[in-house]
Amino acid sequence: MDDAARARDAARDALADVEPEQLREALDDRLLDAAVTPGVLALVTARALEPDVDLGDVADRAAGVQLIYEGLRLTRTVAREEPWVTAATAAADIDADMEILAADVLVSRGFSLLACTDAARPAVDVVRAFGRDQTLRDREGMDPETAAGLDRNLEVDALELAVVAGTTAVGGDPPEELLAYARDLAADCDGEFPPAGRALPEATADRIADISDRAVSATDS
């Protein structure tokens, strides 16, 4: 199983008990088409640092990162589109309510997967930063370029959380250079992760391993 499929399946499995069925199906449909870059990065990071790691043990962490990102991304979309303002029918209004409920479920289930890990506090920080950014974004007179930059912070924070989840899964903490690399990956995506069939550059694992080796060498010297 490749990393994209593993991350996607883990995220879908984490929602398998959600009720009612209509909500669960809506969540599942969203994950089927979602870009899974955050979840994949968590898996790639863990394996790059510990080649023999059982990715089955890391899958829940990857799913937690993915679900938090997807829930916040959906929240951001709803906030920008304001569907209740544009809804022309009662059915459209209900769909908007369903999207907000879906976003809440995604984030809360993501939190539950990371709650007992060393990524729990960073996950909380991601959500708090998202709230602050969106509050600033909505201030009167905000220029479009600054607003777009605040929106892109979510992708940056999601990939930083991914490397934290992957690194702590194998018993370490990410060096600052690895966090900087995650930020570079997000910048390369320019606020929109690759489509479902692609996730990360092929050299990502080698780059992470190199960063980790240099961090260890610096510590030992």
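Helices (H or I, at least four residues) and strands (E, at least two) are DSSP runs, numbered from the N terminus. This is a predicted model: local features need pLDDT of at least 70, side-chain atom pairs count only at pLDDT 80 or more, and totals for chains, interfaces and linings use all residues. Residues are numbered from 1 along each chain as its sequence is written, and side-chain values use heavy atoms, without hydrogens and water.

Q: Where is Ala199?
A: Helix H9 covers 176-189. Helix H10 covers 204-220. Ala199 sits in the loop between H9 and H10.

Q: Is Ala199 buried or exposed?
A: Buried means under 20% relative accessible area, exposed over 50%, partly exposed in between (1.4 Å probe, protein chains only). Ala199 has a relative accessible area of 14%, so Ala199 is buried.

Q: How are the axes of H4 and H8 oriented, roughly parallel or roughly antiparallel?
A: Axes are lines fitted to C-alpha atoms, for helices over the stretch in contact, with angles from 0 to 180 degrees between N-to-C directions. Angles under 35 degrees count as roughly parallel, over 145 as roughly antiparallel, 65 to 115 as roughly perpendicular and the rest as oblique. The axes of H4 (residues 55-81) and H8 (residues 144-169) come within 9 Å and cross at roughly 170 degrees. That makes H4 and H8 roughly antiparallel.
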